[in-house]
Amino acid sequence: MPRWLPLLLGFLTAVGPLSTDMYLPAFPAIEAELGTGWGGVQITLAAWFVGLAVGQLVQGTLADRLGRRRPLVIGTAIYTVASVGCALAPDMMTLSFWRCVAAFGGAASAVIPRAMVRDLATGHEAAKLMSRLMLVMGAAPILAPTIGGLLLVGGGWRTIFWATAFYGAASCILAWTLLPETLPPHMRSRRSPLGMLADFGRIATERGFITHAVMGGAAMFAVFAFISGAPDVYIQQYGIAPAQFGLFFGISATGFIAASQVNPWLLRRLGTRRVPTLALQASFAAVVVMAVCAATGFGGFLGIFIPSVVALASTGLVFPNSAVGALARHATRAGSASALMGTLQFALAALGAALVGALSNGTPLPMALMMMLGVGLAAAAAGFRPRA
């Protein structure tokens, strides 16, 4: 396996985080130009998640039937064309349509690299490769809002979508010219469409898959509860300047990335079962402290910030191991399993973000409680994992 392959897979996987986060600073500008009221641009974010959920199921199935490389090239091409459509959109509904199409194509970059990891390695080696992939992918949420803000100042909100179109084109060219095919023809699915749909049922009822997928999805619920609530908590409630918010957010994200990189070292010493279990225990203890500080006001801003860093860093040890565990028993259906896992995770992530918004009461407590709920559910799922 070439040393550069994890970097390429990480570059491709970053399509999703970049597309989700880069245009967030442009929400007011989009609403002002396209003539919608406050919050109207949220429909474009909803359209993105709908396209991503449907796209992952379709792209994962195609990846098992046609191989990994061809659906990934086609998916990134669709994403590129749709990003151009977003840049040229004359109204909010058109922008929402193209966002949905972009997510459908970009879903290939979310699903297929994980399936390729399963094609190439198992066990500790798969976890090591997944951790390397997350190093590249993890930088995207840190850099995307800053890059989006700079593009917004330099050329307006449409420039952001031209930038995503360029990224999509680069991804398509790299996938076409460099990406190896990791699923040989004799291992590809030959089942009928109905048979492939039945695969989803078999995958979802396999204990190893569902426990690991829920573990990762519930951790994603907690992470997106933080991402959704942190701007209001930090800026509005504690008076942190927007520029400083980016710094604090970057510290939290850096902890997440750093933890994912020590994951292979910990796995060799503690084993694949103990690492995520201990990580979730540490994360749960941190969010309990955060909830107490949020309810009592103890510690002020640091009483929220420090536990959040610990909680998010701990989830960096959960995601790579949950992905490897979910796919471990599905070598011939890795694309479908990856798609089903991704759909579940994004559904839970969207739910976490929505609940924090719905329960907002001007204090950090809703964010802390939702993070506690997500980490607690992840820990419960971890306890039901099969031992072998």
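Helices here are DSSP runs of H or I with at least four residues, strands are runs of E with at least two, and both are numbered from the N terminus. This is a predicted model, in which local features need pLDDT of at least 70 and side-chain atom pairs count only at pLDDT 80 or more, while totals for chains, interfaces and linings use all residues. Residues are numbered from 1 along each chain as its sequence is written, and side-chain values use heavy atoms, with hydrogens and water left out.

View 1. With a relative accessible area of 44%, Val54 is partly exposed (buried means under 20%, exposed over 50%, partly exposed in between; 1.4 Å probe, protein chains only). Together with Val50, Val58 and Leu62, Val54 forms a nonpolar patch with about 280 Å² of accessible area. Such patches join nonpolar side chains (Val, Leu, Ile, Met, Phe, Trp, Tyr) within 5 Å, or like charges within 9 Å, from residues with over 30% relative accessible area and no salt bridge, the latter being a side-chain nitrogen of Lys or Arg within 4 Å of a carboxyl oxygen of Asp or Glu. Areas come from the Shrake-Rupley method with a 1.4 Å probe, and for residues only the protein chains shown count as cover.

**View 2. The largest nonpolar core.** Here a core is a set of buried Ala, Val, Leu, Ile, Met, Phe, Trp, Tyr and Cys residues joined through side-chain atoms within 4.5 Å. Among its 81 residues, Ile30, Leu95, Phe226, Tyr234, Ile304 and Met371 touch the most other members. Helix 10 (residues 207-237) supplies the largest share, 13 residues. Apart from this core lies another one of 15 residues, including Leu9 and Cys172.

**View 3. A stacked pair, Phe11 and Tyr167.** Rings of Phe, Tyr and Trp (its six-membered ring) pair if their centres lie within 6.5 Å; planes under 30 degrees apart count as stacked, over 60 as edge-to-face and the rest as tilted. The count by this rule is eleven aromatic pairs. Phe11 and Tyr167 are stacked because their ring centres are 4.4 Å apart and their planes meet at 20°. Phe11 sits in helix 1 (residues 5-13) and Tyr167 in helix 8 (residues 157-177), 156 residues apart.

**View 4. An edge-to-face pair, Tyr234 and Phe305.** These two rings lie 6.4 Å centre to centre, with 70° between the planes. Tyr234 belongs to helix 10 and Phe305 to helix 13, so the pair ties together parts 71 residues apart in sequence. Tyr234 is buried at 0% relative accessible area, and Phe305 is buried at 9%.
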